[in-house]
Amino acid sequence: MAEIRFNKVYKAYGNNEVIHGVDWHIRDGEFVVIVGPSGCGKSTLLRMVAGLEVITSGEIFIGDRLVNDLEPAERDIAMVFQNYALYPHMSVFKNMAYGLKIRGLPKQEIEQRVQKAADILEIGDYLKRSPRQLSGGQRQRVAMGRAIVRQPSVFLFDEPLSNLDAKLRVQMRLEIKKLQEELGITSVYVTHDQIEAMTLGHRLMVLKDGYVEQLGTPIELYERPATSFVAGFIGSPAMSFLDAEIGEDGRQVVFEGGDRLAIAGRLSLDAGSRVTVGLRPEHLVRTEEEADSLHIKVRVVEHLGADTLIHGDFGPGKADLTIRMDGIEQIRTGETLRIKAAPEHIHIFDPETGGRID
Amino acid sequence: MEKRVVFRQTFLPYLLLAPQVLVTLVFFFWPASQALYQSVLREDAFGLSSEFIWFENFSALFAEAEYLHSLEVTALFSLAVATTAMTIALYLAVQADRVIHGAMVYKTLLIWPYAVAPAVAGVLWMFLFNPSMGIVVFALRAVGYDWNHALNGHQAMALVTVSAAWKQISYNFLFFLAGMQAIPKSLIEAAAIDGARPARRFWTIVFPLLAPTTFFLLVMNVVYAFFDTFGIIHQVTEGGPAGATNILVYKVFHDGFLGLDLGGSAAQSVVLMAIVILLTVFQFQYIERKVHY
């Protein structure tokens, strides 16, 4: 059990800085997710916690210990790799026992611990098999088992589900969540999949190009994204972004073509300032009123059964706009819809910096 | 998934195969069949007459103390060459695998000896260790060690072993390095997190995973020591002193071309043939079954 603290952590390869100062405090027993597109530095950050990458500057603490100069073995962590990294020449049992054997545990205890972990993960029947005789999902479990038997104070997960098929991924996602809750071990999980991030994490760190875009709970990130990047990254289907100007009284946004939407509160921006308006597909509803609505020309309709996705063109610039409606809606391509959004669901961002404007 | 091109007529594939088949027939099957034939003949030294004597050449061979000694020498020599060349190559590969800057330079330099012809390698080492003017011998004498491989059989054996191993290190190095680079980095990292120090990681993860490479190289090195070291032996010791480095393949040459015992020499060739066939079969059988992941 341990907390993890990042104190102004930087990483550079030569002159190429890839992590630009991360400050974070992960609480004991917390499950946090680092999420971002590929190349954002999320794996690098995790590997710095593991001790597989050198920390260029700054400090990382696990518990009370500064781990900057500690070997991976001394950090009391366990890691699950994307490709599982099972030792191919060892049986499942030996894979799981390897770390315990090195620590010099008595044989009996090794057997007990492996058996217990195998029971939890339901891989007891495969202990004598070699990894290549296992399916992807089973290998995944063995990799998890190898992490559990060590009883570390921190779990690190490096995109552990990305090699599994969609169905298995959902199942394993639930199991990882359940397991973490049962064991209560501080966990850091890296993924590029925002659904994994939202469902697993108590808190999330959204990383982009080595900068922390936002820290917060999944709900916070969803309801009040700090930047347009976070807004577009979190939530599925993704938020639509439209160019607009602030209206005369600062209480509405005006789009090209004349449509306007009322916003919550009053912005301190001058009338006519350019802004980016973010609208989530699930917050858009049809309306019969002419005022406070947008006119959308339907381009594509996707029926998913539970809901219907409508992709439309908005305004003279034909900006993309996605609308999600519950159930099955009979709407034709080419039709014009009037839609609106509640003021509290309208997100406004600075078009230059991408920062949120309230 | 199997993908293959199927030719509709049979003429073209045979035509395409013909050069290789011809080379194999002329340079391998023809001499081999000649050796088989000659091994059951006794021929006079001038090649004027020959007599069919069944397996007398073979029984004579295995009754001959010199031949049995040569077998022993060959076994020792090939084992020594394989062990030396493989151990050093593995060490170098481990080191080269860790080098980040200028790795290509190291690798290129380490591969060069492979391009040296055996006879040339032999001459090189012969000069270094020449009892009267070799620079190494001079240095050894300075520290009080008397070197003369022309008289001392053990020294002669050591010298041909070193010469032969030196050339083979490059070959082994390449395979070991490739083998190591094929091991996913995450395995090593997982072992590091599991608490294994570098030495332990090497012996419990890297080395076992190199087993297929190691086994393949073992067979290749033994084959090399058996057959391709002729040039080195010929240049450095000529099988001497007193047969101390007279390995089987050198004895074939010596008895056949110098001793002019063509039948006996052919019989020795046949024995060698049998050995290489055994080694090959062993390699395929074992590699297919055991040492594979």
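Modeller: A salt bridge here is a side-chain nitrogen of Lys or Arg within 4 Å of a carboxyl oxygen of Asp or Glu. This is a predicted model, in which local features need pLDDT of at least 70 and side-chain atom pairs count only at pLDDT 80 or more, while totals for chains, interfaces and linings use all residues. Residues are numbered from 1 along each chain as its sequence is written, chains are lettered from A and ligands numbered from 1 in the order in which they are written, and side-chain values use heavy atoms, with hydrogens and water left out.

Biologist: How many salt bridges are there between chain B and chain A?

Modeller: The count is three salt bridges between chain B and chain A. One of the salt bridges joins A:Glu74 to B:Arg197, with the closest N and O atoms 3.8 Å apart.

Biologist: Which elements of chain B touch chain A?

Modeller: Helices α8 (185-193) and α9 (198-209) of chain B each give two or more residues to that side; helices are DSSP runs of H or I with at least four residues, strands are runs of E with at least two, and both are numbered from the N terminus. The most comes from α8(B), with seven residues.

Biologist: What area do chain B and chain A bury between them?

Modeller: About 1900 Å², 61% of it on carbon and sulfur atoms. Buried area is the accessible area (1.4 Å probe) that two parts lose on being put together, summed over both. In residues, 20 of chain B are in contact (heavy atoms within 4.5 Å) with 26 of chain A.

Biologist: Now to chain A itself. How is chain A divided?

Modeller: Chain A has domain 1 (4-233) and domain 2 (240-349), with bounds from an automatic or database domain assignment. Their C-alpha centres lie 39 Å apart.

Biologist: What do the two domains of chain A bury between them?

Modeller: About 580 Å², 58% of it on carbon and sulfur atoms. A:Tyr222, A:Ser228 and A:Ala231 supply 71% of the area that domain 1 buries against domain 2, more than any other three residues. The count of salt bridges between these domains is zero.

Biologist: Which strands form the open sheet in chain A?

Modeller: Five strands form the sheet in the order β13-β12-β11-β14-β20, with antiparallel pairing; two strands pair if DSSP finds at least two bridges between them.

Biologist: Why is one side of β13 and of β20 left without a neighbour in the sheet?

Modeller: In chain A, β13 (260-262) and β20 (346-349) stand at the edges and each has a single partner strand, so one side of each is left without a neighbour in the sheet.
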